[in-house]
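My notes follow, roughly in the order I looked things up.

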Amino acid sequence: QARGCDIAQPDISLQLRLAEDLPRVLGDAVQLQQVVLNLLVNACQAMADVVDAPRVLRIETAEPTPGSIEITVADTGAGVAAPDLERMFEPFVSSKAAGLGMGLSINRSIVEAHGGHIEATRNPDRGLTLRVTLPAAPHGEERARHEVRPPESRRAGD
């Protein structure tokens, strides 16, 4: 359970479609886990007010092309208007009344620092699908992570 989000609730249907034998991804495991956790929490929170339709959380992994992996998180929440799909990754933009609007912006920074891409699409019926694509490690790469350093920040007085 995270911030009022419990995907183990009996009224949330969790659908997993996880590919087997995916290649490894080079990157900071903690940062990438944070991206996935944030997407799951957002999806769960997006469905919190849904009472008149099934609440479905779908998580998928795939290798869409050789050399890349994809993580998809889809929900049946309220979704967002089409013009807001790209804006939702900007800092301080939130569809939540109490949201800071930093989560998806940080997610995009982390994913792009790893050489990947994140996008959102509206589902045909209701809700959103967020898709993270990351480059896979070169064939035979044994290590699953390396340091990804954020851009250097300037110190006060510099």
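**Helix packing**

I started with H1 and H2, which pack at an angle of about 145° with their axes 10 Å apart. For helix axes, I used lines fitted to C-alpha atoms over the stretch in contact, with angles from 0 to 180 degrees between N-to-C directions. Helices here are DSSP runs (H or I, at least four residues) and strands are E runs of at least two, numbered from the N terminus.

This is a predicted model, where local features need pLDDT of at least 70 and side-chain atom pairs count only at 80 or more, while totals for chains, interfaces and linings use all residues. Residues are numbered from 1 along each chain as its sequence is written, and side-chain values use heavy atoms, without hydrogens and water.

Next I listed who touches whom, with contact meaning heavy atoms within 4.5 Å. On the H1 side I found Gln31, Leu32, Gln34, Val35, Asn38, Leu39 and Asn42; they meet Gly103, Leu104, Asn107, Ile110 and Val111 in H2.

**H2 and its cover**

Which residues of H2 are buried? I noted Leu104, Ser105, Asn107, Ile110 and Val111, within a helix running over residues 103–113. Buried is under 20% relative accessible area, with a 1.4 Å probe and protein chains only. Their cover includes helix H1 (29–46), strand E4 (117–122) and strand E5 (128–135). Just after H2, I saw Gly115 take a positive phi of about 80°.

**Whole protein**

I logged two helices and five strands, in the pattern β-α-β-β-α-β-β along the sequence. Of the 158 residues, 35% are buried.

Definitions and conventions: Buried < 20%, exposed > 50% of the residue type's maximum accessible area, 1.4 Å probe, protein only.
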